[in-house]
Amino acid sequence: MNVVKRITLQGLKKNRTRTLVTIIGVILSLSMITAVTTFISSLQSYMINLIIEQDGDWHVGIYSAPQSDLSKVKESSDVDSYSVMCNIGYAYLDGGLNEYKPYLFLVSFTEDTFKSFPLKVIEGRLPENESEIVIPSHIYTNGGVKFAVGDRITLDIGHRMTHDGYRLTQSNPYIKLEDLEEQEYLDVFTAKTYTVVGICERPGFERYVSPGYTVITYNDNPSLTDNEFDLFFKVKKPSKVYEVVGDLKLEGDFGYHGELLRFMGVSSIGNLNAVLYSIGSILLVLIMTCSISLIYNSFSISVSERTRQYGLLSGAGATKKQLKASVFYEALYISVIGIPLGILAGILGIGVTLNLLEDTFKSIASANSTVRFTLSVSVASIAVAAVAGIITILLSAYIPARRCARLSAMDAIRQVADIKMKPRNVKTWRITRKVFGIEGDLALKNIKRNKKRYSSTVISLFVSIVLFISASSLSSYMIDSVTTVYQNLNYDLSYRTGLNDKFDEKTQAVYERITRLGSIKKSSVINNMYARLTLPKSKVDDDYYNLIKSHGFLSDGDNLDIFISLYYLDDVTFKEFLKEIGENQALYFDEENPRCLVVDRQQYFDYTQERMIDQNILKQEVVKEIDVTIDNEQGYEPVKLAIGKYVSDTPIGIRHYSDYNSITVMIPQSIKDSVFAEYKDMWDTNLTMYFTSDNPFKAAEEIAEILLEEGLSTSKLSNHAEILANTRNIVTIINVFAYGFIILISLITVANVFNTISTNMELRTREFAMLRSVGMTSKGFRKMVSFESVFYGLKALIYGLPVAVGITYLIYKSMLQGVDVRFYIPATSMCITVIMVFVVVFATMTYSMNKLKKKNILEGLRIEK
Amino acid sequence: MVILKVENVTKIYGKGNTAVKALDKVSLSVEKGEFIAVVGPSGSGKSTLLHIIGGVDNPTSGKEYINNTDVFSLNENNLAIFRRRNIGLVYQFYNLIPVLNVEENILLPLLLDGRKEDKNHLNNLLSTLNLSDRTRHLPNQLSGGQQQRVSIGRALINNPALVLADEPTGNLDSKNSAEIIELLQYYNKTYNQTLIIITHDERIALQADRIISIEDGRIVSDERIVRGVEK
């Protein structure tokens with residue numbers, strides 16, 4: 001081992017704490033970098049698996065392929081595997097509820113096809129011969145037709161033809177036309193009986209617009225005729241797929257599995273990969289910046305500490321190259337320990353995180369997928385992390401190394417840096433000494449003296465402060481927006497019927513069955529229409545009138561036009577609500593004097609005034625009835641409604657506040673039928689049922705069952721609890737990653753602060769000893785050190801807090817575009833930051849001070865300069 | 001008048017087999033206004049003795065009285081305060097505070113005490129030290145001799161009972177050395193300032209009133225110099 005290496009190693013051993021902290025810093029930053037790269041590679045492999053599950057495991061597909069293409073693919077040495085899917089034909093699905101999916105679509109798979117298009121069997125097994133079929137589960141959940149394992153069905157199989165003789169495929173949606181002459185028809189060519197041997201999940205390759213439910217049979221040796229089968233194949237080297245296809249000179253109509261190839265990194269046209277990589281790069285740069293500031297700091301400390309030693313070395317004939325090398329040896333030793341440990345820690349960390357979040361991820365990804373989001377470590381992700389780590393360390397070592405080599409031997413021995421100091425560099429105000437005493441003054445002068453060394457630490461503290469506060473603001477705004485959007489809903493489930501004016505008997509029966517379910521607490525049936533109301537100034541609330549006037553929408557004395565959201569509710573719900581609010585039920589069902597309930601409360605964000613508006617439109621003590629004007633071409637007379645009560649509570653399905661410039665008016669269904677009889681067609685096309693439940697998920701299942709039994713589609717049933725839960729899950733995931741990231745960045749900062757302060761204290765051992773020898777007491781000493789930490793922390797906070805508040809404001813501005821949120825100073829996170837900054841700085845100072853105090857004055861004085 | 005009394009001071013560094021006896025039952029008595037030179041080979045214990053006298057190091061056993069105060073009966077805090085009021089220390093490597101200018105460095109013991117300086121005293125001191133035009137300079141802007149003069153100023157600002165100097169000229173050339181010694185002598189003669197210096201330099205030792213030789217932690221000789229005709 002040469003002498004330079006030996007001196008370097010000794011230096012590292014002598015400053016064990018600093019070396020350790022530096023290595024911890026490297027481990028932290030490497031683990032963050034690895035976490036980012038591994039997360040990206042895990043996400044990629046998850047996406048690839050998801051795509052394979054949905055669309056199959058193939059690279060190139062030839063649709064309605066000619067036999068010649070099959071033989072080309074078979075013979076090519078570049079092709080890894082292939083499979084064929086034979087299209088047998090269509091058959092009508094008897095009793096199907098989905099009018100856009102009236103067919104079954106029969107295909108036959110070979111052994112290989114099952115590998116390329118993995119099917120998930122829910123019940124029974126896959127078909128093993130030509131007369132067995134497997135049925136997808138959505139024939140029941142979407143089409144409402146139930147098949148059981150063991151059923152035998154006879155199908156009239158044919159081709160879908162247009163009236164002018166074209167054959168239609170699965171990519172042509174079913175179009176229902178009034179004119180039966182123009183309507184597509186099924187040209188039946190055979191009848192066959194099949195046995196249902198299994199029920200599988202909906203195959204991902206069946207598109208939503210396809211008119212046939214895919215039914216799969218088995219034939220390992222199909223007799224292939226031109227254009228009656230699809231051919232899919234995988235190439236050995238996906239990166240060469242375009243060349244291979246070019247060489248094959250295919251004749252059929254072929255296409256690439258674009259999405260899969262993109263995630264494999266073969267094709268790179270505008271896709272998620274690009275987004276992932278750019279976000280990844282931004283994170284990497286951020287992490288590397290913080291890490292460089294730490295590692296650079298620690299190298300430059302050790303260089304300046306050893307400057308004299310280097311001076312002696314170069315005085316003794318060491319070349320500049322050797323001196324530079326010594327810094328890089330130091331970097332090497334630290335890398336050898338730090339990088340592998342960091343990569344391991346990163347993989348472990350992200351692995352545990354993904355494991356814990358797996359369910360949360362699953363709920364926001366494709367709901368009926370069984371692909372798991374698990375850790376996937378790729379060589380590339382490790383390589384990228386390692387390279388980023390090495391670059392970080394090299395960059396950090398380069399600057400001190402250059403500086404160290406540039407010094408002349410004499411300068412190094414005399415430690416020029418301090419010699420350059422001028423009185424104005426350490427000038428303080430007179431007041432400092434008056435207020436804080438000589439100790440405070442000395443502290444401030446020291447801060448000024450070490451400006452350069454401290455500045456990178458102050459910067460990294462600053463970055464941590466800004467990141468922490470802005471991230472917590474972002475997450476609290478996101479939670480806010482989720483709550484404002486979804487938590488104002490006073491129901492858990494809704495079902496839109498597609499009937500606008502009145503229940504048909506069947507739907508009525510369904511509604512009644514649902515309301516009898518044990519899992520349903522409350523229910524309502526509601527529809528609405530929009531109407532207008534003209535008010536003279538005397539009937540409008542003064543504040544509101546002035547507000548509208550100030551916007552320039554009307555001049556003083558003008559009438560005010562507002563909107564009415566007119567709702568009708570089923571009589572049962574309406575009566576129950578009247579009972580709840582203590583109103584006389586009979587009054588509201590009098591056709592001669594119709595009476596309504598009114599919500600007159602506006603809640604919205606006014607952009608011109610930059611504040612939340614929460615107020616009413618009507619002068620409620622004056623307005624006792626309203627003229628509801630419904631805009632239609634016939635121009636009917638307005639309907640007069642007496643106002644029974646202004647309410648602030650509402651029945652389920654109706655919001656407790658109204659939109660901008662509008663009021664909400666509620667009437668029972670029977671009044672709608674009599675008083676508003678003329679306006680049948682004006683109601684919204686979706687008469688909607690609303691339900692509340694203690695267990696919305698169970699209720700949703702039970703309702704779906706009822707709908708299917710009654711032959712209704714479940715697609716218009718929404719579970720708002722589920723939507724809310726999903727949104728909350730997204731917020732959780734963002735929080736976990738954001739805070740994980742911030743905590744790690746903060747730890748790097750803590751390591752940085754620790755290294756800088758403790759080394760700085762150590763370098764000043766002799767000065768401290770001197771101060772004590774001229775009679776500075778322990779108390780005075782503690783006072784000086786405390787002031788130093790306060791000034792130091794303050795500096796980072798003075799810059800950090802305003803910037804963080806500024807960023808919070810920007811976040812708030814951008815959130816405003818989507819939802820109404822209020823701006824607030826992120827006081828809690830600011831307090832946490834202030835406390836944390838001082839805790840870290842004080843703890844470090846106390847640590848180093850105690851270490852110093854253990855030495856007696858003499859030892860301190862003896863330390864060589 | 002006895003200003004300093006050292007009684008049976010022993011200092012042992014380390015423990016067990018590696019223990020080193022730096023001072024072995026040293027006793028000593030100093031009158032006000034004496035100028036004493038302590039000489040002896042390296043490692044003889046002379047610096048240890050000086051540091052114990054100055055109260056920056058504790059003896060393993062023995063007692064010390066300065067102006068009748070039992071120095072080592074004071075707690076750490078009071079010892080620090082006692083030090084800044086009664087003892088002035090001058091080191092070979094000056095040990096100035098790099099961020100404080102000349103005037104502030106000199107005033108440091110007063111500043112630590114929270115006392116106001118006596119302007120006249122300061123100005124006299126500065127002009128005697130030949131530093132009047134350097135008061136706003138930082139230590140790094142001064143030559144070695146100038147820095148040492150600052151540290152002497154710092155030792156004298158409080159009119160201490162004792163000024164202790166550890167090889168004050170060890171780092172200086174002969175011209176500067178001579179100036180420093182002249183200064184110290186001047187204060188000794190003019191203000192009757194008690195002065196103990198450690199030196200290797202025989203010429204400096206010979207200018208003292210009394211030379212104490214130390215070897216292996218013991219005082220081997222303690223003689224008064226009898227001046228010739230000129231005195």
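Analyst: Happy to! Let's begin with a term: a residue is called buried under 20% relative accessible area, exposed over 50%, and partly exposed in between. A:Lys549, for instance, has 29% relative accessibility, so this lysine counts as partly exposed. Please keep in mind that this is a predicted model.

User: Got it. Which residue does A:Lys549 meet in a salt bridge?

Analyst: The partner is A:Asp556, and the N to O distance is 3.4 Å. A:Asp556 has a relative accessibility of 49%, so it is partly exposed too.

User: How many salt bridges are there over all chains?

Analyst: The count comes to 33. A salt bridge here needs a side-chain nitrogen of Lys or Arg within 4 Å of a carboxyl oxygen of Asp or Glu.

User: How far apart are the closest N and O atoms of A:Lys672 and A:Asp673?

Analyst: Those atoms are 2.7 Å apart, and the two residues form a salt bridge. A:Lys672 is buried at 1% relative accessibility, while A:Asp673 is partly exposed at 30%.

User: What about chain B? Which residues are linked in a network of salt bridges there?

Analyst: B:Glu34, B:Arg210, B:Asp222 and B:Arg224 are joined in such a network.

User: Switching topic: where is there a patch of positive charge on the surface?

Analyst: Look for A:Lys427, A:Arg430, A:Lys434 and B:Lys116, which gather in one. A:Lys434 sits in helix 14 (residues 430–449) of chain A. With a relative accessible area of 71%, A:Lys434 is exposed.

User: Let's do helices. How many residues of helix 1 of chain B are buried?

Analyst: Eight of its nine residues are, so this helix (residues 46–54) is mostly covered. Among the buried ones are B:Lys46, B:His51 and B:Gly54.

User: What follows helix 1 of chain B?

Analyst: B:Gly55 follows the helix, and its phi is positive, near 80 degrees.

User: Which residue other than glycine has a positive phi near 70 degrees?

Analyst: That would be B:Asn68. You'll find B:Asn68 in the loop between strand 4 (61–66) and strand 5 (69–70) of chain B. This asparagine is exposed, with a relative accessible area of 72%.

User: And B:Asn192? Where does it lie?

Analyst: B:Asn192 is in the loop between helix 6 (174–191) and strand 8 (195–198) of chain B. Its phi is positive as well, near 60 degrees. At 37% relative accessibility, B:Asn192 is partly exposed.

How values were computed. Residues numbered from 1 in each chain as written. Chains lettered and ligands numbered in written order. Heavy atoms only, no water. Patch = residues over 30% accessible without salt bridge, like charges linked within 9 Å, V, L, I, M, F, W, Y side chains within 5 Å. Areas by Shrake-Rupley, 256 points an atom, 1.4 Å probe, with all protein chains shown as cover. Lys, Arg positive; Asp, Glu negative; His and termini not counted. Charge placed at Lys NZ, Arg CZ, Asp CG, Glu CD. Helix = DSSP H or I, 4+ residues; strand = E, 2+ residues; numbered from the N terminus. Buried < 20%, exposed > 50% of the residue type's maximum accessible area, 1.4 Å probe, protein only.
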